[in-house]
Amino acid sequence: MKKFIDIYYSFLKIMLTVLMGLIIIPVTMQIFARYVDFIPRYIWTEELSRFCFIWIILIGAMIAMRTDEHFTVDLLPTQKTNKGKAISLMFVDSMTFLMAIIFVIWGWPLVQFGLLQTSEMAEMPMVFIYVAWPLTGITWIIFLLERVFDHIKLYRSVSS
């Protein structure tokens, strides 16, 4: 399972890199079209850049979940023992797990709605955009389950 998660994580990083490179094209075209008269002002560039931006944000959130670099708020006191640290981390991760479940449950009707819609300019099925939310939730769950095993090891370890 760890190997699958590592491969999936590498795939996400590659997709993020591709999308970051791809978004440069329509944004650059939009900027130059404003200041140079001989470049036409394409409307599809705004739509493509918006769709890339949505995926960049959500793939970035997926990657940040795996590397534990997503923003957190420290409300719990700092624990002195490994057991205390593990319990604290499991509590925080359980709250994140609830958020992931919300993304999956409420994202699924969005996907079904997206099957009936197409984008205005590119005539692309909107399901390709809306599927990002439940996919983010599922990915968070996978990465959180991986993290739970690390917390259990920390809980069982000798306090330091």
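Start by selecting Pro 134: apart from its neighbours within four places in sequence, its contacts (heavy atoms within 4.5 Å) are Phe 103, Val 104, Gly 107, Trp 108 and Val 111. This is a predicted model, in which local features need pLDDT of at least 70 and side-chain atom pairs count only at pLDDT 80 or more, while totals for chains, interfaces and linings use all residues. Residues are numbered from 1 along each chain as its sequence is written, and side-chain values use heavy atoms, with hydrogens and water left out.

Stay on Pro 134. The residue lies in helix H5; helices here are DSSP runs (H or I, at least four residues), numbered from the N terminus. With a relative accessible area of 5%, Pro 134 is buried (under 20%; exposed is over 50% and partly exposed in between, with a 1.4 Å probe and protein chains only).

Next, select the aromatic cluster made of Phe 4, Tyr 8, Tyr 9 and Phe 143. The structure has four aromatic pairs (rings of Phe, Tyr and Trp, the last by its six-membered ring, with centres within 6.5 Å; stacked if the planes are under 30 degrees apart, edge-to-face if over 60, tilted for the rest). One of them is the stacked pair of Phe 4 and Tyr 8, at 6.3 Å centre to centre with 5° between the planes. About one helical turn separates these two, because they are four residues apart in helix H1 (residues 2-35). Phe 4 is partly exposed at 46% relative accessibility, whereas Tyr 8 is buried at 16%.

Now show Tyr 9 with Phe 143: this pair is edge-to-face, 6.4 Å centre to centre and 80° between the planes. Tyr 9 belongs to helix H1 and Phe 143 to helix H5 (residues 132-156), so the pair ties together parts 134 residues apart in sequence. Tyr 9 is buried at 13%, and Phe 143 is buried at 1%.

Finally, select Val 92 in helix H3 (residues 82-114). At 33% relative accessibility, Val 92 is partly exposed.
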